[in-house]
Amino acid sequence: MPEAMVETRASDATRSASTQVVDVAVVGAGFAGLYILHRLRKAGFSAVVLEEAADVGGTWYWNRYPGARCDIQTIDYSYTFDPELEKAWTWSEKYATQPEILRYLGFVADRYDLRRDIRFGTKVKQATWDDTTDRWLITTDNGASVSCRYYIMATGCLSAPKPPEIDGVKDFKGEIYFTGRWPHDGVNLKGKRVAVIGTGSSGIQSIPMFAQDAAHITVFQRTPNFALPAHNGPQPAERKTMLEGDRAAYREQARWSMAGVPYPQQTVVSWQLSDAERRERFEKAWAAGDLVHILTQLWADQGVDVDGNAIVADLIREKIREVVKDPEIAAALTPHDHPFGAKRPCLDTNYYATYNQPNVTLVNLRQEPIQAITATGIVTDKRSFDVDIIVFATGFDAMTGAIMAVHPISGRGGKSLSSVWAGGPQTYLGLTVAGFPNLFMITGPGSPSVLSNMAVSIEQHADWVVDRLVALRDAGFTTMEATETAQAGWARHMADCATLTLHRLANTWYTGANVPGKAQGVMPYTGGVGPYRSICNEVVAQGMLGFKLTGPNVAEQCNDGEVVRLQPDVRLVLGMLAQMNLPPIETMGAQGARDFLNEFNKARPAGRPVGEVGDGMLQGADGPLPYKLYRPATSGPHPIVVYFHGGGWVLGDQQSDDPFCRDMCRRTGMIFVSVGYRHAPEHRFPAAAEDGYAATRWIAEHTTELGGTPGRLLVAGWSAGGNIAAVTCQLARDRGGPEIAGQLLVSPVTDCSFDRPSYSENGTGYFLTRGLMYWFWDLYCSPADRTDPRVAPLRGKLDGLPPAFIATSEFDPLRDEGIAYAEALAKAGVPVEQLKARGQFHSSFTMVDVIITGVNGRMKMAQALRRFADLPADASERTPPPREINVAAG
Ligand SMILES: Cc1cc2nc3c(=O)[nH]c(=O)nc-3n(C[C@H](O)[C@H](O)[C@H](O)COP(=O)(O)OP(=O)(O)OC[C@H]3O[C@@H](n4cnc5c(N)ncnc54)[C@H](O)[C@@H]3O)c2cc1C
């Protein structure tokens with residue numbers, strides 16, 4: 001249907017005389033709404049912005065409490081779309097105050113003449129999609145409703161203040177204020193007794209300021225937060241020089257970084273550093289007064305590993321104790337219930353020192369909860385406090401509050417967004433929702449939003465949306481709608497990302513825990529700003545993957561699917577490998593490939609400490625072989641696991657899977673003996689197989705000397721090593737021992753056929769390629785020998801084998817032969833457990849501390865090995881399993 005006809009029908013059906021008709025309606029005139037309006041105008045769309053406030057600014061219009069500042073350095077927390085704008089504005093401080101940021105946004109509005117298309121003092125109440133006209137009708141509390149083709153909610157992640165949950169607020173006869181709705185002409189606190197409820201970011205910023213003026217302030221704290229000194233002042237010279245040295249490169253680096261601020265990725269892990277080195281890094285970060293710095297630059301495991309995180313948290317706790325003189329108050333102010341960074345840490349100016357002032361009282365609500373607010377003050381179950389003013393610094397109904405406050409938002413078939421989101425927000429990319437065509441959310445739940453420098457995320461979202469609208473128009477489409485498949489895939493990806501970081505371990509406003517009755521789950525996308533950007537770009541590059549597009553004169557287009565099926569860390573690693581543009585390993589020659597592997601292994605994080613690591617020699621099938629032994633720190637004897645490394649019978653050695661052996665030694669509480677068996681092409685089939693068996697015999701015979709538990713011998717291996725482990729079990733059965741209590745086969749080679757689907761589905765692009773496997777086979781084994789069970793154990797006799805745990809990865813050419821072996825073993829009556837790892841690739845489990853999502857699999861492997869050895873399944877691992885939570889959109 002031509003656009004003109006649509007317009008005519010729209011005017012009949014959905015417009016009254018007082019309806020404003022535009023291409024695009026935007027709600028909100030903060031950072032996001034202003035930039036979108038600018039972009040829409042430049043792209044030739046008619047647009048209106050509807051804003052409840054009396055002027056532009058959003059967050060910075062409403063949050064006028066004393067001490068309000070940004071906590072991302074202002075040099076980074078700025079628009080970057082126009083270099084001329086950047087030149088025209090100079091920030092006066094490292095962290096600008098609210099008035100300065102508000103002036104900046106006003107300056108932007110003036111510079112691009114934005115106010116003329118903004119209807120201030122206009123609150124959007126409802127939004128209704130009309131299936132017949134393919135338009136939204138937006139109703140407001142002030143003036144004309146709006147009929148628009150596209151509806152963009154730039155309503156802000158932190159713009160719906162959380163109402164107080166305490167009885168009796170209405171009875172209070174004094175003054176009540178909310179930090180998020182602070183009066184424009186300020187509040188006179190001089191000589192007043194002030195109660196502050198809440199110690200989140202707003203409380204932490206405002207409490208020291210209140211304490212300067214008020215006669216007395218009483219702070220009611222439910223949960224202490226980590227806060228770091230901002231060390232505010234002039235813009236730090238170092239970052240200013242970096243920016244001014246190459247502005248475009250600096251901004252580009254921010255766009256592709258994890259948090260939207262250009263910092264390098266940290267690679268050193270905590271256990272590689274001495275106490276003194278860690279202390280030095282920490283003190284430097286403390287002195288820098290920069291959240292992103294301390295959250296990302298100490299050591300690589302601080303945000304993903306509870307042990308690595310605990311080190312930072314303890315150092316911060318030490319700082320709190322140093323500043324706060326009263327030990328009881330210091331203890332109450334010290335957070336213990338969440339990892340550092342899992343809840344948004346705050347930047348402060350004299351926050352902790354404020355509690356040394358005589359006019360400041362801290363009330364620990366964990367010990368004396370508030371009973372009620374009365375006419376004169378606040379009553380806890382131990383005391384009552386008479387006050388003149390109560391300030392609620394209780395935060396926001398974050399991320400979904402302002403969206404859900406527009407009610408109803410009725411999509412296709414009259415479905416309401418609040419009912420669709422009753423169990424938690426569901427989105428595709430945090431930008432769109434299936435069933436709600438042409439609705440876009442800026443920094444919505446499911447996007448990096450509050451876990452990023454929002455200025456960067458807002459520009460990315462606004463650009464992506466406006467670019468899509470232009471592309472739709474150019475192609476004649478008038479609607480764009482996420483598919484259910486894409487949305488469900490995004491929920492899975494979100495959940496996968498959430499298991500990577502420690503956010504899942506804290507009850508915070510990131511998870512909706514601060515609002516009673518709100519569905520719980522990690523709402524922001526935790527996979528990082530740069531990866532997120534690349535995913536959004538990939539959606540476009542793959543023909544609007546996961547979107548249905550329709551238009552009156554064009555055929556419907558729907559390229560359905562999931563944009564990310566890999567685990568997030570696998571995606572990152574494969575992306576980095578692709579960028580390295582390496583020649584295929586099989587073209588390097590055997591020695592070249594070995595050299596390459598050695599170099600490659602040097603770049604990985606050092607394996608974690610175990611009780612003892614030692615080298616030795618054992619007797620192989622045709623001479624001595626080196627081995628490496630990993631002994632747990634617990635007192636022995638321990639069951640022994642004979643381990644065979646991966647490398648296609650050609651590459652690797654007894655130490656090439658060092659991080660894996662260490663990790664499994666720690667998790668199982670068992671000795672791992674990694675065997676340096678002979679390699680092809682120097683030693684072709686059956687050298688590796690025979691060495692594997694001979695080594696196992698030797699270790700069985702020397703169990704006691706090695707510190708092992710007699711009769712508790714297991715075998716394990718990865719890839720070609722899995723092949724050797726499987727073969728060893730068959731040979732031990734057929735050649736009179738030794739007795740093997742269990743076998744762990746990780747992505748094993750089990751057969752010589754290349755016909756199974758995984759060989760074609762995953763033949764390229766996942767590091768282990770079909771070509772590389774052909775090469776390994778050619779170097780190791782002549783075609784005539786390939787059906788021998790000593791290289792193709794799937795073709796051997798399978799009954800009477802030890803119980804097995806077989807792990808396979810979805811994106812691995814070897815996936816299907818591993819599954820086939822598990823199924824064949826089960827058929828032969830062998831007890832088998834299978835792990836079919838979704839989104840993983842061939843190397844996932846051995847890339848310890850790189851592919852973090854491999855942890856769950858290794859935990860299961862360790863539990864299986866312990867069961868095989870008749871030990872209780874809960875091993876000695878120190879990292880707790882990821883807590884099961886209902887991840888947003890999940
Ligand atoms: C105190 C504070 C400090 C912060 N510091 C930082 C920082 O340092 N770095 C950082 O990255 N982020 C920070 N943030 C987050 C901040 O919210 C974002 O950086 C950014 O300002 C969000 O811009 P926005 O345009 O998306 O939303 P907002 O600025 O929240 O603007 C949304 C606008 O939509 C309007 N609106 C909402 N619903 C309706 C409706 N139904 N009808 C009409 N109008 C409506 C609101 O009135 C508001 O003006 C901070 C937030 C707070 C509260």
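This is a predicted model: local features need pLDDT of at least 70, side-chain atom pairs count only at pLDDT 80 or more; totals for chains, interfaces and linings use all residues.
Residues are numbered from 1 along each chain as its sequence is written. Local features need pLDDT of at least 70 and side-chain atom pairs count only at pLDDT 80 or more, while totals for chains, interfaces and linings use all residues, and side-chain values use heavy atoms, with hydrogens and water left out.

Visitor: How far is the polar side-chain atom of Glu51 from an oxygen atom of the ligand?
Guide: Glu51 is among the residues that come nearest to the ligand, where near means a heavy atom within 4 Å. A polar contact is a pair of N or O atoms within 3.5 Å. For the Glu51 side chain, the distance to a ligand oxygen is 2.7 Å.

Visitor: How much of the ligand's accessible area does the protein cover?
Guide: On its own, the ligand has 980 Å² of accessible area, by the Shrake-Rupley method with a 1.4 Å probe. The protein covers 96%.

Visitor: Which element gives the largest share of the shell?
Guide: Helices here are DSSP runs of H or I, at least four residues, numbered from the N terminus. α2, α3 and α16 each give two or more residues. The largest share, three residues, comes from α3.

Visitor: What does α19 reach from its first C-alpha to its last?
Guide: Helix α19 has 13 residues, with 18 Å expected at 1.5 Å a residue. The reach is close to that, at 19 Å.

Definitions and conventions. A polar contact is a pair of N or O atoms within 3.5 Å; within protein, one must be able to donate a hydrogen and the other to accept it, and residues adjacent in sequence count only if both atoms are side-chain atoms. The expected span of a helix is 1.5 Å times one less than its number of residues.
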